[in-house]
Amino acid sequence: MFLALCLPQTNQLSQLMTPDNDWLYKNKDHGMMAASASLGLIQLWNVEEGLAQIDKFLYSSEDYVKAGAALAVGILSSGVRNDADPTLALLDEHIRGDSHVMKCASCTGLGIAYAGSAREDVMELLLPLVEQENSGPTTMLEVSLAGLALGMIYVGKCDDDVGGSIVQRLMEATDEELNHSHAKFFCLGLGLLFLGRMEKAEAMLEAIRTIEHKISKFAAIVLETCAYAGSGNVLKVQEMLHQCAEHLTEEAEHQMAAVIGIGLITMGEDVGAEMALRSFDHLLHYCELPVKRAVPLALGALNVSNPDFSVIDQLSRLSHDPDAEISQNAIIAMGLCSAGTNNSRVAGLLRQLSEFYNKEAGHVFCVRIAQAMLHMGKGLLTLNPIHSDRMITSGSALGGILVLVYSCLDLKSTLLDKTHYLLYYLTCAINPRMLITVNEDLSWRPVTVRVGQAVETVGQAGKPKTITGFQTHTTPVLISTKERAELGTEEVLSVSSVLEGIVIVTDNPDYEPIESSS
């Protein structure tokens, strides 16, 4: 299903994209949905050709194939701004339609396609779904997915209309609705709305605490940890540790959210991350099972696309834990840590795990997803949400990772059940990790660059070296999470101060070539 992450467009894959191909119909119901949605990942960012390939599946007689195609339309448009806006045009009718599975797929597709765009026309389409009142398990699933999509679209925007609607719906919901396994995604949608906004979430926090249901604790912690994401705020970390100190074996969802919150608050900051690792060790030693289950996920969120030796070692031990949920979470966290790196050590560990758990369907599923993440885009992509020399965090990328992490808190009713398509939110975090240098007319220009481990030079006198242990390459070149590149020649100047992604270079007017003696 998710192996599409590994595969670029090839002739064999083109053959899969025919509506009468039996590859699609080898699966049942939700399997067909996942298979047709994965075509969106194969055609990722290729809107013109991709839509032509996927459009035919929207007219299938099978509802699940149509739902998968609707989701694929959203996936392939992720992060792409198109004047024609085909995603909204194609998904509009399905959001307003009567089919439950089409509504769910279209909500997720819109959330992925317009993540971080704060589009009002998309909000107006999704708000009626959030505000619908007829109760029932299918209704609450639609409400939760619509709330999550709105959170992704308005990530970090603190929008009053969306926030007010979500809180109002939480207050009016019955106990049966709030007990629904997917109600936590509704809370996550609210948290994403205030991602990284710190004190601006205070008013919403007070409103959430008035809800008379156990979910209010969970929602308050999700909101608070999202608001302080990446801030390194020590006081908030202490508050989260305090939440974990209580020994609960049931109704401990808020403790699991607090553990993930510790990883979220300290991410992107080396000293805080090291302290968090030590805290996680203590939690594994002294806390109850629900807290232990969340620790691998927090480790994964803290080291996205950064397969640090000690973290992989810890996750490898946890992947053999007798508790099924701890081991499944550890396997997925290994995938998160090594996403897009082709790390040979992790690849070996995952092969061993697939043999070890070959009779456990749930574990095999987790191993396959972890392997897909490891070899994502054949090692040319990354999930790391922190960019621009580790200074800026992408809200939509972090949001996509959080959807996966919160899905893993209850794998039995999400990824291992019928809402496995939440995995596709990871698309929002997928980015190329190449450094490509181009001329001002955007024609490709190979340039010599040095790539090495980034060194912190803040506050040091003179002109200290910014990288260490470097190797000299000619662009295009791959850059890992904690690496940095600098130009290896004075022949050109870069327009950007940070060498990441696509960089425009110009000729250096002051450059004088060294004349070699005859």
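**Pockets and salt bridges in the predicted model**

Lys184 counts as buried (under 20% relative accessible area, with exposed meaning over 50% and partly exposed in between, for a 1.4 Å probe and protein chains only), at 13% relative accessibility. The model is predicted, so that local features need pLDDT of at least 70 and side-chain atom pairs pLDDT 80 or more, while totals for chains, interfaces and linings use all residues. Residues are numbered from 1 along each chain as its sequence is written, and side-chain values use heavy atoms, without hydrogens and water.

Lys184 and Asp410 form a salt bridge (a side-chain nitrogen of Lys or Arg within 4 Å of a carboxyl oxygen of Asp or Glu) with an N to O distance of 3.9 Å. The pair links distant parts of the chain, 226 residues apart: Lys184 lies in helix 12, and Asp410 in the loop between helix 23 (395–407) and strand 4. Helices (H or I, at least four residues) and strands (E, at least two) are DSSP runs numbered from the N terminus. Asp410 is partly exposed, at 25% relative accessible area. Helix 12 is largely enclosed by the rest of the structure, because eleven of its eleven residues are buried.

Lys184 also belongs to the lining of the second largest pocket, where Lys184, Lys214, Glu251, Ala252 and Glu253 lie nearest the centre among 24 lining residues. Helix 12 (183–193), helix 14 (215–227), helix 16 (253–266) and helix 18 (289–302) each give two or more residues to this lining. The volume of the second largest pocket is about 560 Å³. A pocket is an open set of points on a 1 Å grid over the protein atoms alone, where a 1.4 Å probe fits, with protein on both sides within 12 Å along at least five of seven lines; lining residues have an atom within 4 Å of a point. Grid points are joined across faces, edges and corners, and a volume is the space filled by probe spheres set on the points.

The largest pocket has a volume of about 1,200 Å³. Its lining comprises 49 residues, with Ser388, Asp389, Arg390, Glu483 and Glu500 closest to the centre. Strand 9 supplies the largest share of this lining, five residues.

The structure holds 18 salt bridges in total. One of them joins Lys412 to Glu325, with the closest N and O atoms 3.3 Å apart. Lys412 is in the loop between helix 23 and strand 4, and Glu325 is in helix 20 (residues 324–337), 87 residues apart. Lys412 is exposed at 58% relative accessible area, whereas Glu325 is buried at 17%.
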